[in-house]
Amino acid sequence: MAIVTGGGGVVGRAAALAYARAGASVLVAGRDTGRLGEVVKEIEAEGGRAAGFAVDVTDSASVAAMVEAAVTRYGGLDVALNAAGVFGMLAPVADYDEDTWDTVLAVNLKGVFLSMKHEIAYMREHGGGTIVNVASNLGAHWRLSGAAAYAASKAAVSHLTRTAARDHIADGVRVNAVSPGPIDSPMSMRPGETPAERDDRMRDALPIGRVATPEEIAAAALWLSSPASSFVVGQDHVIDGGATA
Ligand SMILES: NC(=O)c1ccc[n+]([C@@H]2O[C@H](COP(=O)([O-])OP(=O)(O)OC[C@H]3O[C@@H](n4cnc5c(N)ncnc54)[C@H](OP(=O)(O)O)[C@@H]3O)[C@@H](O)[C@H]2O)c1
């Protein structure tokens, strides 16, 4: 049984479909219940099992209820992908809006902390599990002027992943992260930019010559969630077409 936070988003949708195709029941969690419902319908149309769940990852009680809902509905929790995230704004540090800073850190960092806290608390009492956090190559690895809160939050997720992995591998809970580069999604586009303009802007920065598909990120998450990666613990996997190679 898998939980995907940010399940109505671009990466979360692709991952939820990938987990369902691999045979998991999926709790597709996020705020926009309309989008969650669409992903659930897509999974069910392929013969998979899924349900939507409205969660605010910045709220501990809401995250606890998400884990409880997964257990009540599907009888357990084996896999979690913590993909909920927001970009915030692009502005130099001196001009960066404080409220935006607080929101980005609350969703991207505290949200991952709270998600893991409740997911691990269940998993360690019930045979273990795997967790994958979605960080970004803009965390520890790549530089983008103006992305203060986003870059700081994602670097912190990378470190939080390592700490949680060390804390809980003996409990049977295996924690890793993925750090994608730009993905074909609204988040990688500047305000008013078209996908083609985004691709032109990115081409030189990405040795592979294109942005990622969400399915390429989902495939890595699926591998990290599976026994095929059983000796991989506490690692942040940069998946960015060579941008930080
Ligand atoms: N797209 C990229 O180029 C890129 C690159 C590197 C890393 N990433 C990371 O990959 C992850 C997914 O990104 P994406 O491109 O799929 O973005 P997305 O389509 O905007 O999806 C992000 C999801 O997070 C959810 N979310 C935001 N705040 C939330 C909250 N407080 N509680 C619960 N859910 C919340 C949103 O749900 P609602 O709409 O319902 O609020 C949305 O479904 C993010 O962590 C992002 O930082 C993305």
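A polar contact is a pair of N or O atoms within 3.5 Å; within protein, one must be able to donate a hydrogen and the other to accept it, and residues adjacent in sequence count only if both atoms are side-chain atoms. The model is predicted, so local features need pLDDT of at least 70 and side-chain atom pairs count only at pLDDT 80 or more, while totals for chains, interfaces and linings use all residues. Residues are numbered from 1 along each chain as its sequence is written, and side-chain values use heavy atoms, with hydrogens and water left out.

Select the ligand and Asp32: a polar backbone atom of Asp32 is 2.5 Å from an oxygen atom of the ligand. Then display the side chain of Lys154, which places an N or O atom 2.9 Å from an oxygen atom of the ligand. The protein buries 90% of the 880 Å² that the ligand exposes when taken alone (Shrake-Rupley method, 1.4 Å probe).

Of its 29 residues, Val11, Arg31, Asp32, Tyr150 and Ser185 come nearest. Colour the shell by class to find 15 nonpolar, nine polar and five charged residues (Asp, Glu, Lys and Arg count as charged; Ala, Val, Leu, Ile, Met, Phe, Trp, Tyr, Cys and Pro as nonpolar; the others, Gly among them, as polar).

Finally, show the entire protein chain as a cartoon. Its C-alpha trace spans about 45 × 40 × 35 Å along the principal axes.

How values were computed:
Near = heavy atom within 4 Å.
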